[in-house]
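Here is a quick tour of one protein model, going from a loop to the rings and then to a helix. Keep the viewer open while you read.

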Amino acid sequence: MHPKEEETLSENEIDRGGEHPVYDYEGALDRLMDDAELVQTVDVAFLADMETVFPKARAAVESGDLKQMSLEFHTIKGASSSVGGTALSVRAGELELAVKAGDSEGATAGMAELEQKLAELRTAMAAKFPV
């Protein structure tokens with residue numbers, strides 16, 4: 001990241017030292033036409049959806065169902081990307097590609113990482129909105 005870019009990180013975008021940001025609030029705000037209320041509504045809906053998606057992903061990992069893992073990781077990737085959950089989206093995408101290639105070895109550890117990244121995203125969102 002260039003020094004100029006680093007200066008433009010918002011206080012709501014958590015940077016992890018070169019890693020992907022946990023929450024890109026400014027990006028989400030930009031995608032939703034600078035409507036902060038809409039961002040909050042979408043964030044709340046996203047977190048509610050993840051309460052359904054994550055158990056399905058966990059069950060797929062536990063059963064070794066590669067097709068279902070791929071589907072759930074894809075869902076997590078897309079949904080988190082739309083709300084600015086960059087770190088969660090990127091890791092879910094990596095796991096999706098791995099299981100599509102038949103590699104389920106890291107799925108259990110990867111699921112734990114996704115749960116941690118979701119918790120971090122929830123915390124970052126709560127810092128901006130009471131979600």
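## The loop between α2 and α3

Start with Met-33, which sits in the loop between α2 and α3. This is a predicted model, and in it Met-33 takes a positive phi of about 55° even though it isn't a glycine. Most residues other than glycine have a negative phi. Is Met-33 buried or exposed? With a relative accessible area of 69%, Met-33 is over the 50% cut-off, so it counts as exposed.

Asp-34 is found in the loop between α2 and α3 as well. Its phi is positive too, at about 60°, and Asp-34 is not a glycine either. Relative accessibility comes to 58% for Asp-34, so this residue counts as exposed.

## The aromatic rings

Now for the rings. How many aromatic pairs does a search of the whole structure find? It turns up 2. One of them joins Tyr-23 and Tyr-25, with 6.0 Å centre to centre and 55° between the planes, which makes it a tilted pair. Tyr-23 and Tyr-25 are both buried.

Tyr-25 also pairs with Phe-129: the ring centres are 5.8 Å apart and the planes stand at 65°, so this pair is edge-to-face. It ties together distant parts of the chain, since Tyr-25 belongs to helix α2 (residues 25-31) while Phe-129 is in the segment after α6, 104 residues apart. Put together, Tyr-23, Tyr-25 and Phe-129 make up one aromatic cluster.

Why do Tyr-25 and Phe-129 count as buried? The cut-off is under 20% relative accessible area. Tyr-25 is buried because its value is 4%, and Phe-129 is buried because its value is 8%.

## Helix α5 and its neighbours

Helix α5 covers residues 86-100, which is 15 residues. From its first C-alpha to its last, α5 reaches 21 Å, close to the 21 Å expected at 1.5 Å a residue. Just after α5 comes Gly-102, with a positive phi of about 90°.

Arg-91 is worth a click. It has its place in helix α5, and with a relative accessible area of 17% it falls under the 20% cut-off, so it is buried. Leaving aside residues up to four places away in sequence, Arg-91 touches Gly-110, Glu-113, Leu-114 and Lys-117.

## The whole chain

Zooming out, the secondary structure comes to 6 helices and 0 strands. Read from the N terminus on, the elements go α-α-α-α-α-α.

The protein has 131 residues, and 37% of them count as buried. Its accessible surface is about 7300 Å², with 52% of that belonging to carbon and sulfur atoms. As for contacts between residues at least 6 apart in sequence, 60% join residues at least 24 apart.

Terms used. Residues numbered from 1 in each chain as written. Predicted model: local features only at pLDDT ≥ 70, side-chain atom pairs only at ≥ 80, totals over all residues. Heavy atoms only, no water. Helix = DSSP H or I, 4+ residues; strand = E, 2+ residues; numbered from the N terminus. Expected span 1.5 Å × (residues − 1). Buried < 20%, exposed > 50% of the residue type's maximum accessible area, 1.4 Å probe, protein only. Contact = heavy atoms within 4.5 Å. Areas by Shrake-Rupley, 256 points an atom, 1.4 Å probe, with all protein chains shown as cover. Phe/Tyr/Trp six-rings, centres within 6.5 Å; stacked < 30°, edge-to-face > 60°.
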